[in-house]
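Reader: I'm new to this one. Could you walk me through how to read it, feature by feature?

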Amino acid sequence: MIDKIFPETLKILDNLIKFQTVSGASNLDLIQYCEEILNKSGAKSFKTFNKSSTQANLFSTLEAENANQKGIVLSGHTDVVPANPSDWASDPYVAFKKDDKVYGRGTCDMKGFIACTLAVAPLFASSKLKKPVHFSYTFDEETGCLGAPLVLADLKKRNLDFSACIIGEPTNMKAIVANKGYNEYVTHFTGLSGHASNPDSGISAIEYALEYSNKLMELKKQLIKRKTNNRLFSPPYSTLQIGKISGGIGANVIADKCSLEWEVRPINKDDSDFVTKNIDDFVKEILLPKIKKNNSKGNIEKKVIGEVVGFNKEENSESVNLVCNITGDNSNGTMSFGTEAGLFQNSGISTVICGPGSIDQAHTVDEYITYEQLKKCLKMLVSLKEKMVN
Ligand SMILES: [Zn+2]
């Protein structure tokens with residue numbers, strides 16, 4: 001059975017890679033392609049859009065014999081991180097096959113999973129399913145999970161209920177039962193330019209950015225001390241890091257602009273709130289009055305790029321039990337990067353993360369997925385179908 005579906009899976013993956021769905025760019029052509037495949041199998045689809053209607057989430061359903069049964073959601077994001085073609089050995093947007101691997105941007109994160117779900121759709125469609133199967137493909141997961149909340153709100157409005165959701169992020173087909181949250185910020189500092197020989201003539205945005213950084217590093221240490229009994233994660237505490245600092249034009253000019261890009265990976269909402277409150281209070285009470293005192297044009301502004309809630313381990317989780325049962329993997333692992341799992345879970349859907357490919361290849365130059373992982377994923381989906389007819 002797997003060998004029969006596999007060539008079709010590769011063909012679909014080739015096509016998916018051709019759509020250059022970098023986060024923020026339009027994914028409408030890809031969504032239309034997926035919708036056509038699913039609708040051909042008899043699925044009913046609806047879409048939710050971003051404000052400018054340039055991006056869409058697709059939610060498609062293959063109905064069961066008994067319409068009242070709660071279904072199973074297969075979920076993936078359609079966006080990919082950018083790729084610089086000059087760094088790659090082959091074109092990142094053309095599937096390149098070698099040594100039983102497919103290379104291309106998004107092969108493992110996570111168009112490989114989407115290709116598997118599309119390839120098995122006709123099999124689900126031709127079976128007498130006891131419960132419906134749903135296909136959920138979202139936009140802009142990589143930049144703060146912007147698409148998923150729209151589709152989840154829409155599902156609420158439609159009063160749809162689900163028994164389980166499988167998110168096919170690359171886990172080497174292991175069942176992942178929890179992940180840390182992911183908060184991303186950029187803080188802009190506006191000072192006043194001037195000649196370096198007269199420091200009082202300007203305001204160095206860089207100096208304020210450094211004070212802000214010091215505060216963040218203080219909070220980073222406090223997060224380690226706040227370590228709970230949560231031993232699920234590695235490291236077992238919330239982390240904070242500054243990933244980029246930019247500003248200034250040269251040693252002899254007072255920098256009028258500086259920005260910091262930083263992130264927090266909280267193990268719980270308390271830690272997320274702790275960082276937000278402390279850094280915001282520090283700016284409001286100390287740093288902003290100081291910069292304004294020197295010049296009213298001075299400013300500090302924190303922009304939230306994305307705040308994605310963590311995914312918590314569920315007691316007796318229906319979806320974890322389902323996937324462990326099918327795959328035989330009982331490792332109950334966790335991850336330290338954010339996914340849409342927490343969002344699905346927070347809207348009351350039992351969720352598990354399990355998909356083909358390794359996170360080591362995600363977001364990398366020459367990203368690839370192995371045939372072996374794709375076949376393992378197809379095997380899981382075919383076994384899932386078997387379970388849904390019995
Ligand atoms: Zn991903």
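This is a predicted model: local features need pLDDT of at least 70, side-chain atom pairs count only at pLDDT 80 or more; totals for chains, interfaces and linings use all residues.

Reader: Let's start with strand β6, residues 133-138: is it largely enclosed or open?

Author: Residues are numbered from 1 along each chain as its sequence is written. Helices (H or I, at least four residues) and strands (E, at least two) are DSSP runs, numbered from the N terminus. A residue is buried if 20 or more other C-beta atoms lie within 10 Å of its own, exposed if 12 or fewer, and partly exposed in between, with C-beta atoms placed from the backbone. In β6, five of the six residues are buried, so the strand is largely enclosed by the rest of the structure.

Reader: Which sense does β6 take when it pairs with strand β2, and which with strand β3?

Author: Two strands pair if DSSP finds at least two bridges between them. With β2 (residues 56-62), β6 pairs in the antiparallel sense over five bridges, and Thr61 has His134 of β6 as its bridge partner. With β3 (residues 71-77) the pairing is parallel, over six bridges; there, Leu74 is partnered by Phe135 of β6.

Reader: How do I read a helix, say α3?

Author: Begin with its span. The expected value is 1.5 Å times one less than the number of residues. Helix α3 (residues 107-125) has 19 residues and reaches 25 Å from first C-alpha to last, close to the expected 27 Å. Then look for bends: the bend at a residue is the angle between axes fitted to the seven residues ending there and the seven starting there. In α3 a kink of about 30 degrees lies at Ala119, shortly before the proline Pro122. As for cover, 16 of the 19 residues of α3 are buried.

Reader: What is the phi of Cys145, and what is it for His363?

Author: Cys145 has a positive phi, near 50 degrees. That residue lies in the loop between β6 and α4 (148-157) and is buried, since 23 other C-beta atoms lie within 10 Å. For His363, phi is also positive, at about 65 degrees. His363 is in the loop between β16 (351-353) and β17 (368-370), and it is partly exposed because 16 other C-beta atoms lie within 10 Å.

Reader: Zooming out, which domains does the chain have?

Author: Domain bounds come from an automatic or database domain assignment. Here that gives domain 1 (2-179 + 310-389) and domain 2 (182-308). Their centres, taken over C-alpha atoms, are separated by 35 Å. Two residues are in contact if their C-beta atoms, placed from the backbone, lie within 7 Å. By that rule, 11 residues of domain 1 are in contact with 12 residues of domain 2.
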